[in-house]
Amino acid sequence: MLIRFKSFGPIRRLLEKQIIELDVPSGSTVFQVIQIVVDIGGQALRDLMLDNGQVSGNLIVILNKKDVSTLGDLSISVNEGDEIAVLPHVQGG
């Protein structure tokens, strides 16, 4: 099934694209899609996005324009045509 992965900031730079269309197995979760993207991006992307096998706390994961943390967690299944976006927390002062 086809889904879209949208990236921002340093993730976008490492992937060299803002949007990637992925054909993922039916029943895939948000976390499994992130793992697929990390495999595409290589070690530098893995170091940026994962921390001890989990998605880094410095990232916000969005599924269809809703923060995944408000929908449950990264084990939510994705459906045909869904869009996952990952962006870094914005900090300033």
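What share of the contacts in the protein chain with a separation of 6 or more comes from residues 24 or more positions apart? Such residues account for 54% of them, a contact being heavy atoms within 4.5 Å.

This is a predicted model, in which local features need pLDDT of at least 70, side-chain atom pairs count only at pLDDT 80 or more, and totals for chains, interfaces and linings use all residues. Residues are numbered from 1 along each chain as its sequence is written, and side-chain values use heavy atoms, with hydrogens and water left out.

**Overall layout**

The protein chain has four helices and seven strands; helices (H or I, at least four residues) and strands (E, at least two) are DSSP runs, numbered from the N terminus. Read from the N terminus, their order is β-α-β-α-α-β-β-β-β-α-β. The radius of gyration of the protein chain is 12 Å, close to the 12 Å that the globule rule gives for 93 residues, so the chain is as compact as a globular protein of that length. That radius is taken over C-alpha atoms, and the globule rule is 2.2 Å times the number of residues to the power 0.38. Along the principal axes, the C-alpha atoms fill a box of roughly 40 × 30 × 25 Å. Of the 93 residues, 37% count as buried. Buried means under 20% relative accessible area, exposed over 50%, and partly exposed in between (1.4 Å probe, protein chains only).

**The sheet**

Five strands form an open sheet in the order β2-β1-β7-β5-β6, with mixed pairing. Its edge strands are β2 and β6, each of which pairs on one side only. Two strands pair if DSSP finds at least two bridges between them. The table lists pairs of strands in this sheet.

| Pair | Bridges | Direction |
|---|---|---|
| β1 and β2 | five bridges | antiparallel |
| β1 and β7 | four bridges | parallel |
| β5 and β6 | two bridges | antiparallel |

I3 stands opposite L22 in β2, S7 has V86 in β7 as its bridge partner, and I62 stands opposite D67 in β6.

In a regular strand the side chains alternate between the two faces of the sheet. β1 has a covered face made of I3, F5 and S7, and an uncovered one made of L2, R4 and K6.

**The nonpolar core**

The largest nonpolar core has 26 residues, and F5, V30, M49, V78, I84 and V86 have the most contacts inside it. A nonpolar core is a set of buried Ala, Val, Leu, Ile, Met, Phe, Trp, Tyr and Cys residues joined through side-chain atoms within 4.5 Å. At least two residues of this core come from each of β1 (2-7), α1 (9-15), β2 (19-23), α2 (30-41), α3 (43-49), β5 (59-63) and β7 (83-88). Helix α2 gives the most, with six residues.

F5 sits on the covered face of β1. Not counting residues up to four places away in sequence, F5 touches I11, L15, Q18, I19, I20, L22, V37, M49, I84 and V86.

**A buried glutamate**

E83 lies in strand β7 and counts as buried, at 16% relative accessibility. Its side chain makes a polar contact with the side chain of R4 (3.2 Å). A polar contact is a pair of N or O atoms within 3.5 Å; within protein, one must be able to donate a hydrogen and the other to accept it, and residues adjacent in sequence count only if both atoms are side-chain atoms. Leaving out residues up to four places away in sequence, E83 touches R4, K6, I62, L63 and N64.

**Positive phi in two loops**

N52 is found in the loop between β3 (50-51) and β4 (54-55). Its phi is near 55 degrees, a positive value in a residue other than glycine, and N52 is exposed, with a relative accessible area of 75%. K65 is placed in the loop between β5 and β6 (66-67). K65 is not a glycine, yet has a positive phi of about 70 degrees; K65 is exposed, with a relative accessible area of 76%.
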